[in-house]
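Please look over the sequence and the structure below before reading on. The briefing that follows is grouped by topic.

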Amino acid sequence: MTAHPGEHGAGPGVLGIPPLDHHRSPRTGWTRAHWEAAADGLLRAAWRWATPRGALLDLPGRPSRSGTRSDGLEGYARTFLAAAFRAAGGDGADPAGLLERYAEGLAAGTRTPGREDAESWPLILDHTTAGQPMVEAASVALGLRLTRPWLWDGLEDGTRDRAEAWLRGALRHTPAPNNWYLFPLSVAGFLESVGRGDAETGAAIERGLGLLEEWWRGEGWYADGDGRAFDHYNGWALHLYPLLHAHLAGDEALTARYGPRLHDHLASFALTFGGDGAPIHFGRSLTYRFAACAAVGLGALTGHTPLSPGVSRRLLSGTLRYFLDRGAVDADGLLTLGWHGPHDATLQTYSGPASPYWASKGFVALLVPPDDPLWTATEEAAPSEGPDRALALPAPGLLLQSTGSDGLVRLHNHGSHTLRPWQGEEFAEEDPLYARFAYSTGTGPTARGNPPDNHLALRLPGRPGMPGVWSVRRRVEPLGASSAPDGSWGWAASRHRPVFPADVPAPPSLRVESVTVVRGRWEVRAHRVVGAPAGTRVRLTGWAADASLPGDLVALHGLTPVDPLRAPQGTAYARWVRVPAAEGELSGTGVCVAAAVLGGAGAPPRVTVAEGATEVDVEWGEGGGRARICFDPLTVFDPPTVEEAEAG
């Protein structure tokens with residue numbers, strides 16, 4: 001299937017994108033020239049909002065929690081990253097003369113940092129006080145490293161000294177306990193590359209790389225800090241910064257360590273892009289949009305990728321075009337806060353008007369030379385455009401499911417959450433971007449104040465005069481995942497403790513064991529509840545899709561369909577949605593099962609639940625075979641094993 005309907009939307013028109021080239025790129029129509037034009041157009045639009053000397057780019061919009069001065073620095077730093085990829089990839093090409101303007105902005109911003117005037121940059125402090133400038137320091141440092149021959153080397157000594165003094169604030173203050181530790185690493189890497197390294201820079205690099213080893217979970221995936229947060233930060237931060245540092249430094253030992261990890265990451269991550277180019281709508285900071293393809297570009301740059309050049313460019317161009325064709329850029333040529341267009345429910349409080357420009361990381365692909373096969377090979381189909389496929393990722397506890405007829409990809413989450421090991425589980429903090437059981441390239445989760453989609457919740461028997469409250473899912477404990485070698489089916493499982501408000505006395509033994517089994521476009525969702533007081537209600541919800549994307553939730557055992565739940569805040573894909581739901585009642589240990597489908601129907605699977613709620617047999621429709629879910633211990637048998645067990 002082609003990436004997008006139509007030739008191009010308003011976004012490409014505003015940015016001055018050239019006509020499509022369907023000879024070289026039969027699926028997206030995009031070549032390197034389109035990428036360069038997109039970068040130039042985004043930079044040209046953003047610079048209209050610069051301060052007189054260019055130290056701050058004060059883009060219009062609601063400020064972040066860090067304040068407008070920090071937001072202005074963010075505008076400078078994140079657009080500088082795009083300009084640096086553009087210039088370095090073109091051997092100094094700077095058609096708009098922006099490097100000179102960034103040089104002047106650097107001089108003005110670092111002359112008297114911390115002063116409340118028109119140009120001065122904020123100081124870099126601890127993440128608990130005013131830490132956002134530490135994030136931007138990494139982009140400034142990386143931009144300077146990439147453009148050294150054309151920018152840094154031409155600065156006056158005093159400007160270089162003041163810039164170094166400001167950057168060293170990132171080495172002397174405390175980052176947030178996650179990927180932020182790679183920001184001082186990037187600053188230190190730049191300082192060492194220009195002969196300004198010392199014990200302080202060496203310690204920052206050693207500390208960052210050491211923590212990265214602690215967060216490595218295998219199969220190409222890092223946790224974002226201590227705990228089990230797996231999301232897009234894997235590609236646009238945890239792989240990008242260390243491997244790009246190693247590549248630019250020519251450090252063969254580090255490249256040999258991090259390159260194979262990126263290769264393994266891309267082997268699964270490549271399936272998270274839909275046939276229309278959309279990334280999976282999952283995890284925080286989604287307003288960074290096409291930064292999601294940064295890991296694909298980095299793999300092409302370093303050679304550490306399992307993807308052919310034609311597939312890599314298909315993913316890269318498909319993602320960039322997806323957003324530009326769907327309202328990511330406004331009439332002024334500015335990236336908006338949201339997903340397609342503006343969308344408040346997608347955002348975090350740390351996001352400001354210039355935050356979307358971390359999408360600049362996607363332009364790392366421009367570092368690949370113009371004559372490289374990445375740009376000269378003919379586009380090939382994306383992994384999601386092939387046969388229906390299930391791919392289990394036991395390390396992060398995720399299960400990917402794609403259907404080639406429509407290019408839709410679903411991610412079933414049985415392992416990612418945002419709680420640190422030392423944090424407790426509090427009722428009010430469920431995050432829609434992590435707590436749901438499933439996400440996709442065609443639907444977004446409902447907002448916090450709306451009924452949750454793809455969710456299971458319990459409601460304990462109410463006391464007189466006190467209405468019951470539905471539970472939330474916080475800490476996720478993975479219990480296993482596997483998929484068939486041919487990708488025909490797969491499963492993933494997890495356990496969680498339903499969390500209630502502090503004034504609701506929940507039984508200490510209450511827990512939910514959950515299994516998702518997929519085949520084709522169908523998903524069987526089986527949940528065993530243990531320790532439920534008599535009269536406990538259970539509610540299961542399905543996909544938050546609108547009329548343009550068919551979906552259904554079929555109650556199979558222990559549940560009865562109820563009226564769809566209204567979500568008037570909608571999702572990033574639809575202004576207003578209804579969420580299909582089913583409910584039941586439990587006592588002690590019980591099992592509830594439903595089948596969900598997105599993007600089409602057909603015969604749903606059938607299930608049989610064994611007495612005692614220890615096993616669930618699944619019979620797929622249309623000759624799809626069988627599967628068996630066992631809860632003691634939890635595992636899922638494939639069809640041959642089921643039949644062998646019955647024959648024996």
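Helices (H or I, at least four residues) and strands (E, at least two) are DSSP runs, numbered from the N terminus. The loop between α3 (68–89) and α4 (98–109) holds D91. This is a predicted model, in which local features need pLDDT of at least 70 and side-chain atom pairs count only at pLDDT 80 or more, while totals for chains, interfaces and linings use all residues. Residues are numbered from 1 along each chain as its sequence is written, and side-chain values use heavy atoms, with hydrogens and water left out.

**Overall form**

- The protein has 16 helices and 18 strands.
- The C-alpha trace spans about 80 × 60 × 45 Å along its principal axes.
- The radius of gyration is taken over C-alpha atoms, and the globule rule is 2.2 Å times the number of residues to the power 0.38. For 648 residues, a compact globule would have a value near 26 Å, and the 25 Å of the protein agrees with that.
- A residue is called buried under 20% relative accessible area, exposed over 50%, and partly exposed in between (1.4 Å probe, protein chains only). Of the 648 residues in the protein, 61% are buried.
- Accessible areas come from the Shrake-Rupley method with a 1.4 Å probe; for residues, only the protein chains shown count as cover. The accessible surface of the protein is about 22500 Å², and carbon and sulfur atoms hold 51% of it.
- Contact means heavy atoms within 4.5 Å. Among contacts in the protein with a separation of 6 or more, 69% are between residues 24 or more positions apart.

- Most residues other than glycine have a negative phi, and most peptide bonds are trans.
- D91 is not a glycine, yet its phi is positive, at about 55°. D91 is exposed, with a relative accessible area of 66%.
- N454 also has a positive phi, near 45°, and is a residue other than glycine. N454 lies in the loop between β6 (438–440) and β7 (456–459). Is N454 buried or exposed? N454 counts as buried, at 0% relative accessibility.
- The peptide bond from D632 to P633 is cis, with omega near -10°. P633 belongs to the loop between β17 (626–631) and β18 (634–637).

**A sheet of four strands**

- Two strands pair if DSSP finds at least two bridges between them.
- The strands β15-β16-β17-β18, in that order, form an open sheet with antiparallel pairing.
- Which strands are at the edges? The edge strands are β15 (606–609) and β18, each of which pairs on one side only.
- Neighbouring strands of this sheet are turned against each other by 15° on average, direction ignored. For such angles, axes are lines fitted to C-alpha atoms, for helices over the stretch in contact, and angles run from 0 to 180 degrees between N-to-C directions.
- Four bridges join β15 and β16 in the antiparallel sense. R606 stands opposite E619 in β16.
- The hairpin of β15 and β16 has five residues between the strands, and G612 in this hairpin takes a positive phi near 90°.
- Strand β16 (residues 615–619) pairs with β17 over five bridges, again in the antiparallel sense. E615 has C630 in β17 as its bridge partner.

**Cysteines**

- A disulfide is a covalent bond between the sulfur atoms of two cysteines. Here a disulfide is counted when a pair of cysteine sulfur atoms lies within 2.5 Å.
- How many disulfides does a search of the whole structure find? The search finds zero.
- C592 is in no disulfide, and the nearest cysteine sulfur, that of C630, is 17 Å away. C592 is buried, with a relative accessible area of 0%.
- C293 is buried as well, with a relative accessible area of 0%.

- S317 is placed in helix α13 (residues 309–324). S317 is buried, at a relative accessible area of 0%. Leaving out residues up to four places away in sequence, S317 touches T28, W30, W35 and E379.
- H265 is part of helix α11 (residues 252–269), and it counts as buried at 0% relative accessibility. What does H265 touch, not counting residues up to four places away in sequence? H265 touches E219, G220, W221, N234, G235, H239 and A295.
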